[in-house]
Amino acid sequence: MEIPVKAPVSGGRKSSYRLETRNLSYKLSSTFDELNWVGFGRIQHRVPKFILKDVNCEARPGEITAIAGPSGAGKTTLLEILSGMVCPREGSHQVLVNNRPMDAKHFRRLSGYVTQDDALFPLLTVQETLMYSALLRLPGGQKEAANRVKKLMKELGLEHVAASRIGKGSNRGISGGERRRVSIGVDLVHDPAVVLIDEPTSGLDSASALHVVTLLKSMAANQERLKFAGHPIPPHVNVLEFAIDVIESLEVQNSVSSLQSIHEETCIVPVTQEKLPSCCYPNSVLEEVLILGQRFCSNVFRTKQLFATRIIQALVAGLILGTIFLNVGNETGKTNLQTRIGFFAFSLTFLLSSTTEGLPIFLQERRILMRETSRGAYRISSYVLSNTLIFLPFLLLVSLLYSTPVYWLVGLRRDIDGFLYFCLVVWMVLLMSNSFVACFSAIVPNFIMGTSVIAGLMGSFFLFSGYFISKNNIPSYWIFMHYLSLFKYPFECFLINEFGGEKASRCIEVDNKGSCNFDGNGFLRQQGLRESEKWSNLCVMLSFIIGYRVMCHLILWYRYYRLSR
């Protein structure tokens with residue numbers, strides 16, 4: 001349905017709009033429109049399956065529209081095409097805006113499209129959700145955004161739950177009807193020319209559905225502009241009678257000029273401006289980074305599994321490992337040397353494998369990121385940059401909580417330089433692993449696939465690091481994995497920090513007679529390591545951090561590019 005309304009704070013900026021579709025068709029698959037194969041001596045042709053076929057409709061200002069039909073009739077697909085989210089794969093210029101071909105990228109910026117499933121952050125409050133959306137979509141700063149959000153919450157009837165979290169699943173929050181109104185508010189916050197809502201009362205109980213419809217009715221009385229797809233038509237009900245009943249039930253005071261096309265689907269829509277706006281962003285890159293950083297920070301700190309649990313895990317693991325390997329660094333002997341090396345290997349195994357808990361947040365952010373960037377809210381580069389900056393202090397805190405107890409309990413180099421370098425390497429390992437997870441979260445479709453891929457690659461990095469199999473014994477066709485291993489470079493840094501430097505001449509292994517078998521320099525030569533690699537390895541680790549973030553940006557940009565075509 002579509003309820004034409006007047007924007008509450010627009011100041012009369014809207015002009016007349018008209019949108020039409022001409023012979024609009026949409027196939028289920030466009031890559032293989034016609035599949036030919038030979039079987040049992042005959043050639044079979046697969047008939048293309050059309051979701052929409054030869055749909056003609058016209059939308060003019062001041063009209064109320066219901067897109068009605070049974071399940072699977074193509075209502076959502078038609079809405080996605082009209083909103084510019086999906087491009088028709090057949091013909092050309094099938095969707096016209098004021099007699100001109102629709103520019104989908106520009107149209108998405110001035111319209112709002114509320115999907116059937118609510119894409120909201122469950123740990124943000126109602127006010128924060130609308131406020132962040134306003135800051136990203138509106139120019140003018142904090143004051144203008146706050147005024148817009150205050151007025152919008154009053155219109156949506158959300159003032160009493162402004163401080164309540166959205167919630168989801170086991171995390172109880174606001175009701176389904178209130179969540180639906182928040183989703184509508186997110187796309188109304190920038191006062192769009194057109195708002196399309198898919199199944200506005202789907203999944204709601206009768207009371208919540210009535211509340212949402214009453215809200216839409218009141219917005220219609222205020223002459224705002226709104227369109228949404230209705231529920232499937234009940235069986236044995238005439239389509240025309242159903243549409244008339246819906247119109248009468250809303251008691252819209254504005255007169256309906258005409259009900260243009262009612263057959264299998266009804267489609268009348270308000271549309272875009274004569275001259276579409278230029279493709280610019282409401283905020284600068286720095287402002288976007290600050291806003292997105294604040295939002296991401298709120299999500300991280302309120303995610304107990306990611307923040308509180310990770311803090312406790314780092315501290316407890318440092319204490320437990322410190323007591324297990326207590327004072328092995330102060331003793332000499334072949335067994336103690338192997339134990340110390342084993343401690344470094346296990347520490348890296350723990351640090352690199354304990355960062356996948358960030359995967360659910362990355363996947364949740366990706367879904368909302370694609371929706372927001374496709375509508376011109378902000379740049380993908382701003383998201384990647386803010387995400388990286390937020391994790392810098394958080395992972396630094398984790399590295400200090402782990403390193404402080406374990407370093408001194410194990411009895412590693414007793415000087416502050418060695419401790420600070422150890423902390424730096426641990427921090428770089430955490431950042432490297434976090435960037436790795438962020439990169440693959442942009443590729444994988446879901447959490448299960450993500451954990452499987454990341455665990456498999458981490459296992460490969462451990463195997464080819466040089467600790468389990470020496471570099472000389474790795475087959476030549478697998479040697480590239482040795483240099484790509486996230487395990488190799490920090491492991492070498494730990495060894496050089498412990499056995500090199502000013503105390504490289506001290507004995508680290510004695511025989512049964514008390515004679516020195518190895519000093520630090522001898523051990524490093526045996527491992528094929530040089531003192532200069534202490535810093536060059538850090539540079540390689542930094543390049544991994546930057547490289548994975550750049551790859552993450554490119555993958556997300558490609559997803560955005562495919563969506564915006």
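**Entry 1**

I looked up Arg340 and found it buried, with a relative accessible area of 2%; buried means under 20% relative accessible area, exposed over 50%, and partly exposed in between, with a 1.4 Å probe and protein chains only. I note that this is a predicted model, in which local features need pLDDT of at least 70, side-chain atom pairs count only at pLDDT 80 or more, and totals for chains, interfaces and linings use all residues. Residues are numbered from 1 along each chain as its sequence is written, and side-chain values use heavy atoms, with hydrogens and water left out.

Which residue forms a salt bridge with Arg340? I found Glu498, the closest N and O atoms being 3.1 Å apart. A salt bridge here is a side-chain nitrogen of Lys or Arg within 4 Å of a carboxyl oxygen of Asp or Glu. The pair links distant parts of the chain, 158 residues apart: Arg340 is in helix α10 (residues 334-353) and Glu498 in helix α16 (residues 488-499). Helices (H or I, at least four residues) and strands (E, at least two) are DSSP runs, numbered from the N terminus. Glu498 also counts as buried, at 2% relative accessibility.

**Entry 1: Further salt bridges**

I recorded a count of eight salt bridges by this rule. One of them joins the side chains of Arg180 and Asp118, at 2.8 Å from N to O. Arg180 belongs to helix α5 (residues 176-188), while Asp118 is in the loop between β8 (111-114) and α3 (126-137), and the two are 62 residues apart. I checked both ends: Arg180 is buried at 2% relative accessible area, whereas Asp118 is partly exposed at 23%.

I then turned to Arg379 and Glu288, whose side chains meet in a salt bridge of 2.8 Å, N to O. Arg379 lies in the loop between α11 (359-374) and α12 (380-410) and Glu288 in helix α8 (residues 285-302), so the pair ties together parts that are 91 residues apart in sequence. Glu288 is buried, with a relative accessible area of 0%, and Arg379 is partly exposed, at 22%.

**Entry 2: The chain as a whole**

I noted 18 helices and twelve strands. Of the 565 residues, 51% are buried. Among contacts (heavy atoms within 4.5 Å) with a separation of 6 or more, 79% are between residues 24 or more positions apart. The chain exposes about 26,100 Å², with carbon and sulfur atoms supplying 58% of it; accessible areas come from the Shrake-Rupley method with a 1.4 Å probe, and for residues only the protein chains shown count as cover.

**Entry 3: Confidence**

I looked up pLDDT, the predictor's confidence in each residue from 0 to 100. The chain averages 77, and 76% of the residues score at least 70. Where is confidence lowest, and where highest? Strand β1 (residues 2-3) has the lowest mean, 35, and helix α13 (residues 416-441) the highest, 94. Residues 1-13 stay under 50, and the model has 64 contacts for them beyond four places in sequence. Residues 232-237 also stay under 50, with twelve such contacts. Where pLDDT is low, the predicted coordinates should not be read in detail.

**Entry 4: Record of transmembrane regions**

I consulted the unreviewed UniProt entry, which lists "transmembrane region" for residues 311-329, 341-363, 384-407, 419-440, 447-469 and 535-558. UniProt positions are in the numbering used here, feature names are shortened, and annotations may be inferred rather than shown by experiment. In the model, residues 384-407 are 100% helix and 0% strand, with end C-alpha atoms 33 Å apart. Residues 535-558 are likewise 100% helix and 0% strand, and their end C-alpha atoms lie 35 Å apart.

**Entry 5: Met370**

Is Met370 buried or exposed? I found Met370 buried, with a relative accessible area of 12%, in helix α11. Not counting residues up to four places away in sequence, Met370 touches Leu556, Arg559, Tyr560 and Leu563. Its C-alpha atom is separated by 9.3 Å from that of Trp557, 187 residues apart along the chain.

I looked up Asn23 in strand β2 (residues 19-27). Asn23 has a positive phi of about 50° although it is not a glycine, and Asn23 is partly exposed at 45% relative accessibility. Asn327, in the loop between α9 and α10, has a positive phi near 60° and is partly exposed, with a relative accessible area of 30%.
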